[in-house]
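Trainee: I'd like to learn how to read strand pairing and a ligand site. Can you walk me through this one?

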Amino acid sequence: MNLEELSQLKETAISEAKAASNVHEIEDVRIKYLSRKGVMPSVMKNLKNVAPEDRGVFGRTANELKNELTTILATAKDSMASADADASDFDFTLPGEWKNTGKSHPISMVIDSVVEVFSKIGFTVAEGQDIEDRYHNFEALNTPMYHPSLDQLDTFWFNDSQLLRTQTSPVQIRVMESQKPPVRIVTPGRCYRRDTTDATHSANFHQIEGLYVDENVSLADLKSVLAYFAKEVMGKDVKVRFRPHFFPFTEPSVECDFSCHVCGGKGCRVCKGSGWIEIAGAGMVDPRVFECVGYEGVTGFAFGMGIERIAMIKYGIPDIRFLYENDARFLNQF
Ligand code: PHE
């Protein structure tokens, strides 16, 4: 090959490189000229056959050609990649990508809002433990093992002394053991009972417990706190009533009902015709409980309510099982 042939080669090679319009063509040109068995290496090998006086110019021209081809092909490839990124051949008729964002479960939403209502009047949150012992779940709550209420609280036992807590009430004991009065806490959490699951029962459910201990706390304080809570959660028209009841760890004990949110108290299917919905168990802390934790000279009230029950009322959920199935079609409604 002589100088003239080289300059012809240069012209064709560069115009081929410039004409390459997609990644495949670019790669073809690269292989043809620049690969190990391509045109350019053989041109270089041919250098020794070039007339000695032309060798300098020939070598320089061949090198320039090689560099120029490399640059043209690299630039073309780069601009093609960014054109891809510009989505020049993006199919706008394809369905979009759905991104699911997480959010709070209705049970967590109810816990958060109940905690917020009580925090406005000075209650702080305390947490207990799901695995409790017999002493904190029963005995310190004035519920000896032979007590008939144990039949109702059908318990999951690990062994003779450890169990899954049947109520959040043991947190009352743990908090009073660990601090001096006054106490003003709410404690949300999971509870476990050997209940058969149906539309309103689940073996694993949530409660929120409240405890207020100080000098001269009275039943009137309990009533006003629960009435305040009712209005915050259900609106100002809700009515509240208290019925005498029995709990081993409160005396006197009451059950607290809210007027039915569906019929406003007239009586309907939801309240089973009574006009009232049972919300909380409550009462004045039994002196035997204070004895167990070494509190003296104070009185207090406690209450406990089911979170699922409140969620079902607040959102009109007909079956407790919806709350545990994690069906996105259900959860997305909240
Ligand atoms: N722990 C009781 C229950 O699970 C509710 C309760 C709490 C009653 C606090 C009185 C005081 O039924």
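Trainee: Let's take bridge partners. Which residue in β5 is the bridge partner of Val 186?

Mentor: Keep in mind that this is a predicted model. To read a bridge, you pick a residue on one strand and look up the residue facing it on the other. Here, Val 186 has Gly 210 in β5 as its bridge partner.

Trainee: What about β5 and β9: in which sense do they pair, and over how many bridges?

Mentor: Antiparallel, over eight bridges. For one spot along β9, look at Ala 302, which has Leu 211 opposite.

Trainee: Now the ligand. How many residues surround it?

Mentor: There are 14, and among the closest are Ser 169, Arg 193 and Gln 207. Next, check polar atoms. The side chain of Ser 169 has an N or O atom 2.9 Å from a ligand nitrogen. For Arg 193, a side-chain N or O atom is 2.9 Å from a ligand oxygen, and a polar side-chain atom of Gln 207 is also 2.9 Å from an oxygen of the ligand. The protein covers 90% of the 330 Å² of accessible area the ligand has on its own.

Trainee: Which element gives the most to the shell?

Mentor: β9, with three residues. By class, the shell has seven polar, five nonpolar and two charged residues.

Terms used: Residues numbered from 1 in each chain as written. Predicted model: local features only at pLDDT ≥ 70, side-chain atom pairs only at ≥ 80, totals over all residues. Heavy atoms only, no water. Near = heavy atom within 4 Å. Polar contact = N/O pair within 3.5 Å; in protein donor to acceptor, adjacent residues only side chain to side chain. Areas by Shrake-Rupley, 256 points an atom, 1.4 Å probe, with all protein chains shown as cover. Helix = DSSP H or I, 4+ residues; strand = E, 2+ residues; numbered from the N terminus. Nonpolar A, V, L, I, M, F, W, Y, C, P; charged D, E, K, R; others polar. Pairing = 2+ DSSP bridges.
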